[in-house]
Amino acid sequence: MNEKAEIRYAAIGDSYTIGEGAIEPDEAWPTLLTNNLKSAGINISLVANPSKTGWTTRNVIDLEIPVYDQCNPTFATLLIGVNDWVQGVDEATFHKNLNFIIDHLQGKLQNKKNLVLVTIPDFGVTPSGGQYARGRDISQGLTGFNDIIKSEAKARNLKVVDIFPLSLGMKDHPELVSADGLHPSAKEYALWEKMIYPVVYKLLDDQ
């Protein structure tokens with residue numbers, strides 16, 4: 001029996017995907033995910049993680065998609081939107097950009113279902129989060145964006161992992177927040193990966 005072809009994983013996103021706040025690069029959840037999937041017998045390699053802190057959906061379109069296209073992925077994750085909200089991008093523009101990104105990512109995949117969406121965590125519960133509110137309700141705003149992400153996942157029959165409720169735990173557990181008072185710590189990223197892993201494992205193991 002032939003061994004299954006290597007799964008080429010591309011992680012698309014922002015600070016949350018590159019692992020801002022973690023001490024070591026391999027503490028980012030896409031790296032944890034890849035290593036744990038490998039340990040479970042899934043033939044997978046993380047071939048690209050062009051995510052950058054501060055990037056928006058527009059940055060993904062302009063700067064991450066070209067990297068994505070060049071690495072010939074067969075599986076991808078997408079976690080984007082927090083910086084759109086911080087910068088005052090409205091829901092309609094976010095939705096339009098998100099659709100463009102999802103359409104493009106799926107368009108390059110042989111199996112269109114090999115894209116997993118991840119919701120935006122609630123940074124408003126962190127010690128420094130409030131300074132980005134500018135008079136707005138952070139939780140409410142991010143919930144609106146997450147509703148868009150979840151609705152698109154449902155419409156396209158894609159898996160979505162909702163880490164928003166889990167992220168609320170950062171409020172009462174300082175060890176889950178990094179030294180900058182804003183981004184998750186390695187411990188929080190590891191908790192996210194524990195939620196994402198079973199969804200991705202089932203998706204890829206069934207192929």
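The legends below describe close-up views of a predicted model.

In this predicted model, local features need pLDDT of at least 70 and side-chain atom pairs count only at pLDDT 80 or more, while totals for chains, interfaces and linings use all residues. Residues are numbered from 1 along each chain as its sequence is written, and side-chain values use heavy atoms, with hydrogens and water left out.

**View 1. The open sheet of five strands, with parallel pairing.** The strands follow the order β2-β1-β3-β4-β5, where strands (E, at least two residues) and helices (H or I, at least four residues) are DSSP runs numbered from the N terminus, and two strands pair if DSSP finds at least two bridges between them. At the edges stand β2 (44–48) and β5 (159–161), each of which pairs on one side only, and the twist from one strand to the next averages 25 degrees. Strand β1 (residues 7–13) runs parallel to β2 and is joined to β2 by four bridges; Y9 has L46 in β2 as its bridge partner.

**View 2. Helix α2 lying across strands of the sheet.** Helix α2 (residues 29–39) lies across β1, β2, β3 (75–79) and β4 (115–118), and runs at about 155 degrees to β2. Angles run from 0 to 180 degrees between N-to-C directions, and axes are lines fitted to C-alpha atoms, for helices over the stretch in contact; contact means heavy atoms within 4.5 Å.

**View 3. The contact of helix α3 with helix α5.** The axes of α3 (residues 57–70) and α5 (residues 91–108) come within 10 Å and cross at roughly 5 degrees, and the two helices are therefore roughly parallel to each other, a term that covers angles under 35 degrees. From α3, the residues T57, R58, V60, I61, I65, Y68 and D69 meet F94, N97, F100, I101, H104, L105 and K108 in α5. By class, this contact has eight nonpolar, three polar and three charged residues, where Ala, Val, Leu, Ile, Met, Phe, Trp, Tyr, Cys and Pro count as nonpolar, Asp, Glu, Lys and Arg as charged, and the others, Gly among them, as polar.

**View 4. The largest pocket and the second largest pocket.** A pocket is an open set of points on a 1 Å grid over the protein atoms alone, with protein on both sides within 12 Å along at least five of seven lines, whereas a cavity is a set of points where a 1.4 Å probe fits but cannot get out; lining residues have an atom within 4 Å of a point. The largest pocket has a volume of about 330 Å³, and K4, A5, I7, L204 and Q207 lie nearest its centre among the 17 residues that line the pocket. The second largest pocket, with a volume of about 170 Å³, has a lining that divides into six nonpolar, five polar and no charged residues, and the largest share of this lining, three residues, comes from α4.

**View 5. The largest cavity and its lining.** The structure holds one cavity of 30 Å³ or more, a volume being the space filled by probe spheres set on grid points that are joined across faces, edges and corners. The largest cavity is lined by L78, I80, L98, L117, V118 and I149, and the lining has six nonpolar, no polar and no charged residues.

How values were computed
Angles under 35 degrees count as roughly parallel, over 145 as roughly antiparallel, 65 to 115 as roughly perpendicular and the rest as oblique.
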